[in-house]
Amino acid sequence: MGVKARAQALPGHEIGVDEQRVFSVDGLLPSTVMRPEDAEDAARGLRLCDLAPAAVVVWGGGTQMGLGAPPRNYEVAFSTDRMTRLLEYEPADLTCRVEAGMRLSDLQAALHAQGQRLPLDPPHPERATVGGMVAANTNGLGRARYGTVRDWVIGIAVAYPSGKVARAGGKVVKNVAGYDLMKLHIGALGTLGVVAEVNFKVQARPEMEATLLAQFAAPAPALEVGLKLAHQYLAPASAIVQDGDGGRWDLALTLEGYALEVEAANDQAIRFVREAGGAVEDAAISPAFWDAARDWSTPTDDEVVLRAIVPLTASPFVVAAVPAGARVLAQPASGVVDVRVPAPSAAETLSRLRTAAGAQGQVVVVAAPLAVKQSLDVWGPPPPGFPLMRALKQALDPNGILNPGRFVGGI
């Protein structure tokens, strides 16, 4: 599967070296760029790319472009930066419809003006787009409490290389029509089609928020307390465990809800921490701390980021397998463990983490310099359903123009 010999001129607008570098992916530069105005325009553009055929890499805000294997080929940068409209918003119905290129921070600002929000917080929301968040399935630190992207998407419009736009779901929370199509594209990294519009359900902003920081001498009790709190009446909105200075391990919590609930949950968290041998810091956690934690998986240097997604009870085993010199940020209530590791030890660490994760878990390379990425198995072994995934790719993108080679199994 792959882009065939070109039958006609490369579509899109030619770009200079500076813009090529802006749209570079793992050392590859595009020759042209396409900037569709809406879903139908995106479908027409993809059709031209398919007829050429020309290899396309889809761009939103660029925050997740490090995710995935290096492309086999890359000729056209397909940017959603002109698809930025809030198409519909019904505060009374708690729903909205937005174009894929809208920045998440802009969407949140519109929702906040009505006392509402979308409880998803992927890295760099000032740059991250709605379509990129859906395609990469980036959820943020509230996954355990509020769920994942697929829990908040109620409708979707996708442009295909055939030149058609398919729509699924609806504008109301209880509409379930076409749900399978939505699940198909969430987390597919744009390899099956280009997400053009998304319908979300939203929620009211909480009445009160509180934070708590606790310190432990080892990771196991911190992880245990974080998981225990997730099973209480008011689970933390976010809970992370990370290695701190001097060999200590920090458990950081955000609690949200009605004031009385938050106060009770805070008292309970303090009690659990102390019973587990931890110490509670008096000062509140600054917003800058949470911003850094949210963006932790997208480093600006040459560190490699590995992500383990495992059953909740397996998180301590994964953390225990992390070698000295690496750093950890774990979400104990969702089974996600992110590890930053120096490039020279990336391959060995990846092997250790996959052994610790076992058959029930998955470990992927989230970010790595190109020279390192080329030597790593980014996704790990394909899942048992991989033949079906390959068949879907062949059916929806028969010429293999969309993000070729970047997804699981070289799809």
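Ala, Val, Leu, Ile, Met, Phe, Trp, Tyr, Cys and Pro count here as nonpolar, Asp, Glu, Lys and Arg as charged, and the others, Gly among them, as polar. By that scheme, the lining of the largest cavity has twelve nonpolar, 13 polar and one charged residues.

The model is predicted: local features need pLDDT of at least 70, side-chain atom pairs count only at pLDDT 80 or more, and totals for chains, interfaces and linings use all residues. Residues are numbered from 1 along each chain as its sequence is written, and side-chain values use heavy atoms, with hydrogens and water left out.

**Cavities**

Rolling a probe the size of a water molecule over the atoms shows where empty space is left. A cavity is a set of points, on a 1 Å grid over the protein atoms alone, where a 1.4 Å probe fits but cannot get out; lining residues have an atom within 4 Å of a point. Grid points are joined across faces, edges and corners, and a volume is the space filled by probe spheres set on the points. The count comes to two cavities of 30 Å³ or more.

The largest has a volume of about 310 Å³. It is lined by 26 residues, and V58, G60, G131, G132 and A135 are the closest to its centre. Helices (H or I, at least four residues) and strands (E, at least two) are DSSP runs, numbered from the N terminus. β3 (56-59), α4 (130-136) and β10 (194-201) each give at least two residues to this lining. The largest share, five residues, comes from α4.

The second largest cavity has a volume of about 60 Å³. Its lining holds 13 residues, with A144, P236, S238, A239 and A333 nearest the centre. Eight are nonpolar, four polar and one charged. α5 (143-146), α7 and β13 each supply at least two of the lining residues.

**Helix α7**

Buried means under 20% relative accessible area, exposed over 50%, and partly exposed in between (1.4 Å probe, protein chains only). In α7 the buried residues are A222, L223, V225, G226, L227 and L229. Contact means heavy atoms within 4.5 Å. The cover over these residues includes β12 (208-216), β13 (238-243), β14 (249-257), α8 (259-275), α10 (315-320) and β17 (327-331).

**Salt bridges**

A salt bridge is a side-chain nitrogen of Lys or Arg within 4 Å of a carboxyl oxygen of Asp or Glu. The count comes to 20.

| Pair | N to O distance |
|---|---|
| R35 and E19 | 2.8 Å |
| R97 and E197 | 2.7 Å |
| D295 and R294 | 2.8 Å |

R35 forms a salt bridge with E19. R35 sits in the loop between β2 (32-34) and α2 (39-51) and E19 in helix α1 (residues 17-22), so the pair ties together parts 16 residues apart in sequence. R35 counts as partly exposed because its relative accessibility is 23%. E19, at 27%, is also partly exposed.

R97 and E197 meet in a salt bridge. The pair links distant parts of the chain, 100 residues apart: R97 is in strand β6 (residues 95-99), E197 in strand β10. R97 and E197 are both buried. A network of salt bridges links E40, E88, R97, R167 and E197.

D295 and R294 are both buried.

Conventions
On a 1 Å grid over the protein atoms alone, a cavity is a set of points where a 1.4 Å probe fits but cannot get out, and a pocket is an open set with protein on both sides within 12 Å along at least five of seven lines; lining residues have an atom within 4 Å of a point.
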